[in-house]
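I opened the notebook to look up how the parts of this model touch. The entries follow in the order in which I took them.

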Amino acid sequence: MHSKKPFYILVALLFIVGIASSIFRGIEHNVPFLPGKQVQSWTVEAKVQFKATGKPAEVSFSLPSDPAFEILVENPSSPGYGLSITGDPQNKRANWSIRSATGQQNLYYKVTIIPTGITKIKAIEEPKIADTYTWPETEKVAAEQAIEEVWAKSATNLSFASQLNKAFNADERSQNIELLLSSNSPSKLFVHMLNNKGVPAQEVSGLYLEDQRRRQQLTNFVEVYNDGEWHLFNPSDGTQGRPDNLLLWDRSGKSTLDVIGGTNSQVNFSMLQDTRSALATALDVMNNQGALDFSLYQLPLEEQSLFKGILLIPIGVLMVVFLRVIVGLKTSGTFMPVLIALAFIQTTLLTGLIGFILIVAFGLMIRSYLSQLNLLLISRISAVIIVVIGIIGLFTLLSYKFGLSEGLTITFFPMIILAWTIERMSILWEEEGPKEVVLQGGGSLFVATLAYLAMSAPWIQHWVFNFLGIHLVILAIVLLMGQYTGYRLLELRRFKPLAGE
Amino acid sequence: MKFSFAWPSALRNNGVLCMNKRNIDYIGRCNPRKFYKRVDDKLTTKQLALENNIAVPSLIGVVREQHEIESIPAMVAAEDGFVIKPSKGSGGKGILVITKVEAGRYYKPNGQEVTPSDVYRHVSNVLSGLFSLGGNPDVAIVEGLIQFDPVFDGYSYEGVPDIRLIVYKGFPVMGMLRLSTAASDGKANLHQGAVGVGVDIGTGKGLHAVQFDQPIEFHPDTNKKLIDIEVPHWDFLLHTASKAYEMSEMGYLGTDMVLDRDKGPLLLELNARPGLAIQIANNRGILPYLDNVDKLGNHNMTVDERVEYAKKHFCHSAQL
């Protein structure tokens with residue numbers, strides 16, 4: 001006797017790989033586990049305006065970089081301008097340039113983003129200890145006192161920043177802070193004071209995302225580094241942490257917009273919220289990242305739709321194996337019900353059932369005439385195939401004439417399978433009588449209907465096509481069922497007389 | 001018919017073998033694929049049986065090609081009746097029994113006339129593989145009619161009763177007599193409505209009877225009490241079945257035999273996938289017997305020793 005260990009290891013392996021790859025695909029690639037899932041997306045348009053002076057102009061505009069949002073599509077538009085995008089992914093800038101321009105200039109940058117759910121800003125590398133800021137003589141004493149006061153009440157970089165933030169926004173601010181704020185912007189002052197204690201911090205700007213807003217401005221925030229992570233503070237209103245609807249636009253610490261050869265430059269933003277299919281979004285993201293992708297979406301559309309059908313067959317086959325091995329139903333022709341179920345998917349169930357019964361009934365009538373002719377089996381079946389095609393053609397034509405568009409789908413039935421079914425049923429009729437024909441034919445249709453119901457469920461169609469790992473799981477289950485030596489459900493009834501005593 | 005289900009544990013306790021276990025643990029393990037031809041091809045079985053001195057029904061002829069079909073009337077002209085069967089048929093499909101040949105006219109056991117062209121069509125279907133496993137081209141065997149032993153008079157309706165024995169590794173472990181009924185159209189296949197009577201391996205006496213998997217007491221057509229039956233030549237039948245093991249080298253084998261009035265027990269066919277209904281006919285599970293044989297391990301018992309062992313240990317009264 002062979003050891004069954006390698007077999008079970010194989011099955012477990014298939015199972016684990018199948019499940020793991022599906023989960024990976026769901027979590028890592030954001031492929032939704034349910035079909036028809038929607039995600040929110042935002043379209044943000046930045047409009048850069050300046051007055052050109054007729055000389056060569058150069059505009060450098062920082063582009064959003066925020067781990068909380070994934071960029072789906074971005075397109076800068078600026079007729080007449082040369083454009084280059086520079087910088088690393090964390091610090092991208094759009095550079096527009098033109099030899100000569102006069103008057104009001106409008107440059108646009110449009111981006112579609114989706115939330116990723118990552119709200120933490122991880123530091124890519126340990127930031128440098130910032131240079132200490134040299135205070136002007138008038139502020140030096142006030143600043144040092146204020147810093148020491150807050151420093152004494154803090155334990156870590158983060159608590160220092162929180163305390164500082166509190167001190168900035170206290171109802172009764174200390175005189176020192178009052179003095180400092182009178183000549184500094186809160187965020188700048190915040191950064192300087194942190195830097196003085198060697199805490200890495202920088203000014204960043206962000207955009208509040210609100211549906212259908214126009215002419216919005218960036219808001220200044222301060223990022224404080226603590227233990228591998230950047231924390232967001234807003235010293236102007238004393239809040240800490242990031243709001244859900246905030247898009248960090250510029251984290252370079254430099255200016256957001258630089259214009260050379262123009263005056264009166266400004267930037268404002270308008271935005272729009274949208275819902276789109278989670279699946280399409282995930283595919284777009286994967287496409288953007290150029291991720292090594294084994295999904296079938298890389299195939300041409302025609303092959304994709306072909307595979308959508310083919311990948312349903314394992315489900316139908318699984319159904320048949322289950323009904324035969326575990327339940328104990330008999331089907332005429334092992335996998336004939338799967339093929340019929342595939343046809344049902346095209347025709348829909350009711351039309352399919354009616355069409356199938358009509359064709360088989362007509363076929364049986366014609367077959368009974370053919371049987372009197374004493375033909376060889378092979379030519380008899382061939383004749384039945386041709387007749388079946390004729391019947392299908394006739395029904396299609398009739399239903400078209402009567403305006404029954406459902407009837408047109410009848411052409412999806414596999415003709416060879418139908419011909420064999422008719423031949424088998426006809427022999428069955430002669431040998432065992434019509435009752436057996438109804439019984440076996442009904443049984444096959446029943447299995448086909450179950451297979452159809454399984455195969456037509458939207459979430460199953462979604463899974464078999466988007467999570468290819470699921471096929472490994474099906475393979476594992478089929479292999480396992482192939483080892484099942486227990487009683488079939490219907491045998492429990494059949495052997496009932498033997499259970500007694 | 002009641003729609004009640006048994007608990008799996010109850011069946012397991014009674015040692016009931018089920019389809020999946022039969023396929024995997026017995027057929028898959030004990031029946032080497034390369035020997036299937038000896039069993040699935042009735043013509044090969046017949047030749048093998050003759051080489052091994054096992055009596056089989058007489059062979060009238062073999063039709064291998066379509067153009068030979070029309071030689072059938074000449075072939076059977078001198079016979080009282082004949083049987084046409086596909087060599088590779090299964091489940092009793094495609095067997096045509098003619099019990100009366102009269103002036104070129106043929107009659108089935110129920111008196112229905114069969115025209116020569118019906119016979120031709122049937123044989124043509126056989127040759128095309130309509131009844132064979134997998135639809136492969138086949139040959140038709142024309143056999144002499146079995147004149148069945150009058151001991152079974154009143155027990156069988158319009159057909160030949162046959163004796164099915166399950167032979168496991170050469171030991172006959174369970175037996176059943178199959179009697180045709182009006183419902184089974186003269187055929188001895190249980191799923192077509194024949195009656196199965198479990199037979200005591202030790203004595204050849206009837207134990208219990210079923211039709212359509214339900215226990216019955218009397219033959220539905222003749223009303224004879226079924227368990228009164230006693231199969232004659234029982235030892236000979238056990239020996240023949242046991243010998244079929246050496247002949248076919250199949251570990252899990254069903255042997256079908258008939259009793260001919262003149263020629264005695266004849267081996268009708270062998271079956272590599274014998275059905276499970278024999279358990280219902282015997283009203284007991286087959287697994288304890290199979291396990292008993294497995295416990296013997298490697299043995300070098302002769303046919304006689306195996307039959308003696310089976311009679312002693314597998315008879316109805318024996319405790320396993």
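How many residues does the contact take from chain A and from chain B? I found 32 residues from chain A and 41 residues from chain B, where contact means heavy atoms within 4.5 Å.

**Ground rules.** I noted that this is a predicted model, in which local features need pLDDT of at least 70 and side-chain atom pairs count only at pLDDT 80 or more, while totals for chains, interfaces and linings use all residues. Residues are numbered from 1 along each chain as its sequence is written, chains are lettered from A and ligands numbered from 1 in the order in which they are written, and side-chain values use heavy atoms, with hydrogens and water left out.

**Chain A against chain B.** I looked up the buried area, which is the accessible area (1.4 Å probe) that two parts lose on being put together, summed over both. Chain A and chain B bury about 3,300 Å² between them, and 57% of that is on carbon and sulfur atoms. Of the area that chain A buries against chain B, 22% comes from Y487(A), R493(A) and L498(A), more than from any other three residues.

Next I checked for salt bridges (a side-chain nitrogen of Lys or Arg within 4 Å of a carboxyl oxygen of Asp or Glu). I found one between chain A and chain B. The side chains of R494(A) and D213(B) form a salt bridge, at 3.0 Å from N to O.

Which helices of chain A each supply at least two residues of the side that touches chain B? I listed α11 (377-401), α12 (415-432) and α16 (489-494). Helices here are DSSP runs of H or I with at least four residues, strands are runs of E with at least two, and both are numbered from the N terminus.

**Inside chain B.** I looked up the domain assignment, whose bounds come from an automatic or database source. It gives domain 1 (15-39 + 150-314) and domain 2 (58-144) in chain B. The C-alpha centres of domain 1 and domain 2 of chain B lie 26 Å apart. Domain 1 of chain B puts nine residues into their contact and domain 2 of chain B puts in eight. The two domains of chain B bury about 650 Å² between them, with 37% from carbon and sulfur atoms. I counted zero salt bridges between domain 1 and domain 2 of chain B.

**Overall form.** Chain B has ten helices and 14 strands, and chain A has 16 helices and 15 strands. I compared each radius of gyration, taken over C-alpha atoms, with the globule rule of 2.2 Å times the number of residues to the power 0.38. For the 320 residues of chain B, a compact globule would have a value near 20 Å, and chain B agrees with 19 Å. For 501 residues a compact globule would be near 23 Å, but chain A has 36 Å. Along the principal axes, the C-alpha atoms of chain A fill a box of roughly 115 × 70 × 40 Å.
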